Amino acid sequence: VLHACLTRLNAGSEEALAQIDDHTNSLVYSIALGLLSDRADAEEVTLEILSQIWRGASSFRAERGTVIGWLVMVTRSRTIDRLRARRHRSSEAEVDGLQDKPAETPTPEEPTIAGEQQRRVRAALAVLPIGQRQLIGLAWYGGYSHSELAEKMGLPLGTVKTRLRMAPARLRQLLGPVGEQAQCTSNRACRTDRHLI
Amino acid sequence: LENKRNAPQIVHVELTDTLSEELALFAFGLLESEQAMHIARHLETGCAVCNNELRSLTSVMAGLASSIPPIDPAPDLKKRLLARIRSKEQEREQPGPGMYIVRSGSGNWRQTQWNGISYLRIYNDPVTGFAT
């Protein structure tokens, strides 16, 4: 459905955009909120992402994964840009305090939603060695560059890179098709539509 | 994937640990923007090794995202979104005085139901309904 909507967007269909919004705005908003801890900022990012999709839906490349995977990447990238810009404006200490404690959403290690998919992700994260698990948590919600992350964790840059290579590879094995089949179960519209990708 | 702005693009034949690390950093958004842009440009060249690895990484990212408890944004978000894109469209559609040059590759060209025929609205007067 989402793929078809992206194609229709290229032809300027507002209805397709509305449909994409129905299916993805909670996913985009939840990711942004987890990083930014600010509802107004997270909504602004959501609007930016969806406007960006409207302007350039063609930047999606099917050979690089699913629409949802692409959307997660785009959302994180845009949100992290905003977070870094905010850090430049505020004092480091103030932002550090904010990011160490994501205010409104738990880390992927602490899912609270029931459901097979969530349980499998949680179980997979629990199997990771503690160092990899911590890194994934910080990488997911920190919005730091790799050198900042190394400094924050007190690790050599090489170790951070190695762990970041190994953790997704292990998660991929553990999750099996979960990632490939990941749906935007976030939105009400998707909870009844299981054929999105 | 060295961070050299004008370095020639390479097509990789196998996935090394270094490549895998760089792509993981890219996928997680941990690179500085210039490094990230360099990798994005490399991916655009169509390097199958890197695009396949990224596909794999995005599936992990999608898996992680699926564990996030959903939070709905404000109910009026869709209304605001549609208002925003209409306003942007209108801004784009109001040409300044004098000659207005439209390049074939720029602007929001819309497809029609007829193959090979598309159109671009370059002027719209909401009062008179006159459009070009």
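Author: Chain B has four helices and four strands, where helices (H or I, at least four residues) and strands (E, at least two) are DSSP runs numbered from the N terminus. From the N terminus on, the elements of chain B run α-α-α-α-β-β-β-β. This is a predicted model, in which local features need pLDDT of at least 70 and side-chain atom pairs count only at pLDDT 80 or more, while totals for chains, interfaces and linings use all residues. Residues are numbered from 1 along each chain as its sequence is written, chains are lettered from A and ligands numbered from 1 in the order in which they are written, and side-chain values use heavy atoms, with hydrogens and water left out.

Reader: At what angle do the axes of helix α9 of chain A and helix α3 of chain B cross?

Author: Two packed helices are described by the angle between their axes and the distance between the axes. Axes are lines fitted to C-alpha atoms, for helices over the stretch in contact, and angles run from 0 to 180 degrees between N-to-C directions. The axes of α9 (residues 157-175) of chain A and α3 (residues 48-65) of chain B come within 10 Å and cross at roughly 70 degrees. That makes α9(A) roughly perpendicular to α3(B); angles under 35 degrees count as roughly parallel, over 145 as roughly antiparallel, 65 to 115 as roughly perpendicular and the rest as oblique. The contact (heavy atoms within 4.5 Å) includes A:Leu171 of α9(A) and B:Leu64 of α3(B).

Reader: Which residues touch the most other members of the largest nonpolar core?

Author: In soluble globular proteins, nonpolar side chains tend to be buried together. A nonpolar core is a set of buried Ala, Val, Leu, Ile, Met, Phe, Trp, Tyr and Cys residues joined through side-chain atoms within 4.5 Å. Of the 77 residues in the largest one, A:Ile53, A:Trp140, A:Leu171, B:Phe28 and B:Leu64 touch the most other members. Helix α2 (residues 14-36) of chain A gives the most to this core, with eleven residues.

Terms used: Buried means under 20% relative accessible area, exposed over 50%, partly exposed in between (1.4 Å probe, protein chains only).
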